[in-house]
Amino acid sequence: MKKFRQKAGATIWTGNLILLATAVFLNRFGQGLLFGARTNFFIETLGISGGQVLWLEGIREIPGLALMFIAALTMRLPLSRRAAASVFIMGLGYGLYSIINSYAALLTVAIVASLGMHMWMPLHGTLAMCLSTKDKAGRVLGSLASVGALASLVGMGILAIISKLLESISLDVYFMAGGTFIIAAAFLIAKLPTNIGATEVEQPRMLLKRRYWLYYVLTFLQGSRKHVLDTFGTLVLVNSFGFRVWNISFLLLISSIVNMVSAPYVGHLIDRLGERRMVPLSYTLLTFCCIGFAVIHSIWTLAFLLVIIKLLTMFGMGLSTYVRRISSTEELTPTLSAGISINHVTSVAMPLVAGVLLPTIGYEGVFLGSAAIIAISIPFALGLRISDSSAVVDV
């Protein structure tokens with residue numbers, strides 16, 4: 001009987017969740033095509049410097065800074081329609097990369113793509129968690145992360161093969177193709193029912209509550225080191241160690257394989273052992289990885305550390321599942337949106353500061369600073385307790 005109950009409860013997939021997973025696949029496949037060529041496109045095609053890349057990362061985060069207010073303006077629209085519109089804007093912005101030829105134009109289209117991406121970030125998690133129960137939120141997010149990693153794997157694998165065999169092909173082509181696939185994902189999301197995430201209680205347009213203060217603090221600190229862990233590592237490998245497009249795409253391909261296999265287990269571990277154990281552990285390991293990136297100059301060791309860093313950042317889903325477990329459905333989207341805006345206070349500022357300091361402290365100093373910020377996060381992450389009194393049961 002116990003085995004039967006486990007087997008019956010093992011399936012998390014519904015028709016709507018499969019549709020969402022298909023859209024996630026197309027979205028991440030498109031991103032895999034263009035992200036693999038992104039760093040080389042900046043340096044080789046547009047000829048911009050490492051400092052300019054860091055400034056770009058800061059400026060393109062401005063829509064995320066205003067996300068709480070953007071979410072407030074669109075809150076009355078159905079969740080699935082907001083999600084579809086955000087992915088469409090993202091695909092349009094990335095597609096426009098294919099026609100730019102200056103740094104000013106790059107900043108413009110980057111903001112368009114970033115607007116769509118940042119609108120999608122809380123909606124993606126909200127859609128997924130509204131299609132699951134609270135006790136399986138981690139499994140659902142982990143499974144979708146695995147689907148996304150598989151899509152990135154396929155996209156970057158195709159990029160690696162084409163860029164190796166046809167080195168003369170323009171990098172613009174990858175952005176045009178990637179944008180097209182992302183727009184196709186938007187049309188699939190639009191097919192989801194409009195009642196997903198609907199509540200009898202009216203959802204607040206904006207929400208900041210004391211009960212979520214740990215989430216706000218941790219997402220604020222997370223923004224301080226986000227771009228160092230996300231894009232700056234690959235920039236270092238291209239700028240300082242001469243990685244080509246196929247080198248970077250192959251490395252990201254390996255990272256996608258690791259994340260694809262690991263993501264469901266990461267979600268399961270968060271559900272089983274709790275955010276209070278897994279998030280601090282991931283922060284501790286990330287601290288050591290950043291220190292290693294600063295003090296070790298072996299190219300293969302750095303490549304290995306980059307794969308581990310991208311794996312450990314997946315435990316960041318624990319902040320979303322923490323909010324899901326202690327919040328009611330009507331508070332989920334505005335709380336996640338507020339968190340992203342808080343996150344972007346630092347994710348906008350820190351790349352700009354790092355871009356100014358980079359010529360003086362080098363990439364090693366940037367990674368040491370990130371290690372310090374992550375270490376500061378650990379005591380706060382140890383406070384992620386979910387008690388009976390803090391949990392809210394939806395009715």
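In which helix is the place of Thr-219? Thr-219 is placed in helix H10, where helices (H or I, at least four residues) and strands (E, at least two) are DSSP runs numbered from the N terminus.

## Basis of the model

This is a predicted model, in which local features need pLDDT of at least 70 and side-chain atom pairs count only at pLDDT 80 or more, while totals for chains, interfaces and linings use all residues. Residues are numbered from 1 along each chain as its sequence is written, and side-chain values use heavy atoms, with hydrogens and water left out.

## Overall architecture

The protein chain contains 15 helices and zero strands. Of its 395 residues, 56% are buried (buried means under 20% relative accessible area, exposed over 50%, partly exposed in between, with a 1.4 Å probe and protein chains only). Among contacts (heavy atoms within 4.5 Å) with a separation of 6 or more, 89% join residues 24 or more positions apart.

## Nonpolar core

The largest nonpolar core comprises 106 residues, and Leu-20 and Tyr-97 have the most contacts inside it. Such a core is a set of buried Ala, Val, Leu, Ile, Met, Phe, Trp, Tyr and Cys residues joined through side-chain atoms within 4.5 Å. Helix H15 (residues 329-381) gives the most to this core, contributing twelve residues. Beyond its neighbours within four places in sequence, Leu-20 contacts Trp-120, Leu-127, Ala-128, Leu-131, Leu-144 and Leu-192.

## Packing of H6 and H7

Helix H6 (residues 79-96) and helix H7 (residues 103-130) have axes that come within 7 Å and cross at roughly 150°. H6 is therefore roughly antiparallel to H7. Axes are lines fitted to C-alpha atoms, for helices over the stretch in contact, and angles run from 0 to 180 degrees between N-to-C directions; angles under 35 degrees count as roughly parallel, over 145 as roughly antiparallel, 65 to 115 as roughly perpendicular and the rest as oblique.

The crossing of H6 past H7 is left-handed (the near helix is turned anticlockwise from the far one by less than a right angle; clockwise gives right-handed). Residues making the contact include Ser-86, Met-90 and Tyr-94 of H6 and Val-112, Gly-116 and Trp-120 of H7. The contact residues divide into 16 nonpolar, four polar and one charged. Here Ala, Val, Leu, Ile, Met, Phe, Trp, Tyr, Cys and Pro count as nonpolar, Asp, Glu, Lys and Arg as charged, and the others, Gly among them, as polar.

## Packing of H14 and H15

Helix H14 (residues 317-326) packs with H15 at an angle of about 150°, their axes lying 9 Å apart. These two helices are roughly antiparallel to each other, and their crossing is right-handed. Ser-320, Val-323 and Arg-324 of H14 meet Thr-329, Leu-332, Thr-335 and Leu-336 of H15. This contact has three nonpolar residues, three polar and one charged.

Thr-219 is buried at 4% relative accessibility. Not counting residues up to four places away in sequence, Thr-219 touches Leu-319, Gly-339, Ile-342 and Asn-343. Gln-222, found in helix H10 (residues 213-239), is also buried, with a relative accessible area of 17%.

Apart from neighbours within four places in sequence, Val-238 is in contact with Thr-39, Asn-40, Ile-43, Phe-243 and Ile-248.
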